[in-house]
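Look over the sequence and the model first.

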Amino acid sequence: MLDKKTMEQVEELKKGFDAQMKKRYGDKPFDLKTDGGIPIKPVYGPDDVQDLNFKNIAYPGQYPFTRGIYPTMYQAQPWVMQQIHGHGTPEHCRERMDYLAQLGLTGYGEMRSYNLVFDQVCKFGYDPDNPENGDMVGLVGVNMSTLDDYDRLLNGLDLTKTSVVLNQGIHSMIALAFYIVYGEEQGVPKEKLRGNTMNWLFKGWMSDLEMYPPDSAFMIMSNFIRWCSRNMPKWNTTNIVSYFAEEAGGTPVQEAAMAMAISIELTKACMDAGLEPDEFLPRFGFQIALGMDIFEHVSKIRAMRRMWATINKERFGAKDKHSMQIRCHSQTSAVSLTAQQPYVNIIRSAYGALVGVLSGVNGMTINAYDEALGIPTDESLMLAIRTHQVALYETGVPNVTDPLAGSYYVESLTEKICEEADKYLDKIEKLGGFKKCWETGWLREELANSSYEWRRRIDKGEKVVVGLNKHRSEVHRKTQIYKVDPEVKETCIARIKEYRATRGKEKEREQALADLKVACQGVLDNHKADFMPALIDCARARSTVQEMCDVMKSIFGWGTVY
Amino acid sequence: MLLSKSRMDVHDRGVRYLARCMLESGMEVILSRHGLIDEVANAALQEDVDVIGVSFSVGGHVAASERLRKLMQEKGIGEKLVIVGGIIPDDDIPALKKLDIDGVFGAGSSAAEAIEFINAKVNA
């Protein structure tokens with residue numbers, strides 16, 4: 001990047017610097033590493049970036065989008081402040097939605113944006129009165145089991161000005177079917193609905209959850225994407241969530257590579273289902289971790305933008321630039337939060353937010369300080385939202401896009417993470433690709449090993465966590481913990497029983513559930529059918545979550561992989 | 001040692017770490033996933049373990065502990081040591097103690113603490 005004369009000057013200055021260092025510290029090396037284990041030096045200089053190819057960095061909005069996906073970033077549009085929340089009955093959740101709106105939480109432009117998390121019971125496809133629910137009804141998410149629940153949650157909202165993230169986890173396609181029917185009945189056609197489904201049926205790769213088996217999972221995800229691409233072009237179909245990799249113990253390099261491996265596998269599955277890359281890639285989104293090592297995570301996000309653009313253009317022949325721009329939702333690290341001295345977590349999450357803003361993410365969830373103890377209280381949620389707002393209005397960081405570009409350190413670390421993640425991705429592909437490595441448990445073991453090393457370093461005191469293994473406080477200050485209304489489970493059980501007794505439409509429902517079964521079989525038969533229209537009919541016929549999920553599980557298979 | 005976590009709870013990082021540390025300390029460890037807590041009681045009976053550990057990160061620990069202790073009584077394995085861990089609010093500890101949960105290892109506990117506790121109790 002630098003001309004010969006300048007490099008000569010640099011070398012001269014570097015010699016002087018090295019001599020000073022040697023005089024002061026001798027030859028003892030500094031054993032410095034990033035949190036993810038990448039060896040680093042105490043000082044970087046022009047010589048560290050002289051071989052960089054400026055084309056790989058470019059300007060924001062230019063391929064390969066290392067510096068950001070748009071030419072203007074926060075100057076034109078702040079990041080979407082998306083606090084993930086959900087608990088109790090739909091009414092409890094709605095109360096929180098209104099509270100968040102009152103605190104100033106907004107989406108793009110005039111849109112209201114809600115990131116709603118459903119409870120474990122409906123996520124895994126059970127109705128609240130099923131004994132398998134493990135007493136988890138409404139505890140860490142909202143229970144949404146019937147069409148009536150959508151009315152309880154959303155009534156009075158203008159759906160054309162509302163963007164929802166329906167985080168029913170594995171079964172987010174069912175949440176979408178309900179949402180479509182709710183919209184229909186409010187006079188809002190599905191084409192006008194805005195929001196996001198998780199569609200992350202690959203989630204079992206990092207944990208042995210109950211799940212559709214890998215082959216079925218990729219058939220379901222790609223079939224869903226095909227239907228959405230052709231019927232709801234504005235709907236964001238898929239969340240490539242590599243946040244989980246980081247939360248399960250992965251290093252930034254592992255997170256970046258695993259995200260790309262998922263995207264590649266899913267892109268291939270969608271192409272097998274008959275789609276062209278530009279028909280569906282623009283509606284993929286990412287959810288990326290904002291970890292504690294600030295420069296490493298900024299570099300990781302810059303590296304991921306470059307990798308995704310390059311893979312989609314060069315490997316899959318994408319032509320539309322939207323197929324190369326990672327729309328990046330992000331979340332501050334939850335694994336770094338401590339139950340000890342929980343107020344210190346406010347500081348950790350604020351540094352995470354700084355990572356997000358320095359990286360130019362498009363959306364951000366800032367964890368509340370009490371999330372190592374329970375779901376957030378009104379107060380802790382308010383502080384999380386204020387953290388967004390202080391970052392946006394007071395710090396000045398959003399004024400300049402990718403302000404760390406050109407930093408000797410950040411540019412060389414970005415390059416290094418790209419290289420290392422490429423190598424790791426290559427390893428995954430040599431082992432048969434993402435799906436194969438999910439089946440064999442290789443990815444899961446890799447994450448477990450990283451997690452083990454991380455915790456070992458903490459236990460040995462090599463890695464300091466303030467308040468946990470150093471500077472523990474003798475003063476135990478009691479933190480208020482949010483308690484979900486104890487009546488929730490009984491309320492939800494009473495409601496579902498009442499619903500089944502009074503909903504009518506018996507014949508329609510029987511037919512719709514039978515059609516769903518045939519449609520699911522058609523999906524497995526090389527995508528000869530789409531399952532979404534059948535699910536929508538089931539929702540119209542007042543089926544419950546479990547009635548639909550039972551059919552899907554019976555055809556696609558269900559259980560733990562390991 | 002039987003360690004288990006619900007199949008509906010993704011947060012298994014802690015319990016997997018604990019299992020590995022226990023193995024390294026010379027314990028025999030079975031790490032499993034359960035649907036109903038009944039499966040844990042059945043597995044404890046079948047495998048004839050000395051200690052049962054259940055990890056909870058999404059709540060439901062008090063109700064599940066109550067049922068587990070009741071089932072253990074019914075199966076005649078009420079004497080076995082039971083520990084729980086994960087996201088356990090301090091306020092719930094008295095209720096768990098009342099249910100004869102022997103040890104509670106919430107967020108921030110080290111594997112060494114749990115191992116020491118078990119060794120002291122089992123070898124006592």
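How many salt bridges does the rule count over all chains? The count comes to 49, where a salt bridge is a side-chain nitrogen of Lys or Arg within 4 Å of a carboxyl oxygen of Asp or Glu. This is a predicted model: local features need pLDDT of at least 70, side-chain atom pairs count only at pLDDT 80 or more, and totals for chains, interfaces and linings use all residues. Residues are numbered from 1 along each chain as its sequence is written, chains are lettered from A and ligands numbered from 1 in the order in which they are written, and side-chain values use heavy atoms, without hydrogens and water.

| Pair | Distance, N to O |
|---|---|
| Arg226(A) and Asp530(A) | 3.0 Å |
| Glu445(A) and Arg16(B) | 3.3 Å |
| Lys70(B) and Glu74(B) | 3.5 Å |

Arg226(A) lies in helix α7 and Asp530(A) in the loop between α18 and α19, so the pair ties together parts 304 residues apart in sequence. Helices here are DSSP runs (H or I, at least four residues). Arg226(A) is buried, at 9% relative accessible area; Asp530(A) is partly exposed, at 27%. Buried means under 20%, exposed over 50%, partly exposed in between (1.4 Å probe, protein chains only).

Now the domains. An automatic or database assignment gives chain A domain 1 (208-359 + 369-458) and domain 2 (507-556). Their contact (heavy atoms within 4.5 Å) takes 11 residues from domain 1 of chain A and 14 residues from domain 2 of chain A. Across this interface the rule finds one salt bridge.

Definitions and conventions. Helix = DSSP H or I, 4+ residues; strand = E, 2+ residues; numbered from the N terminus.
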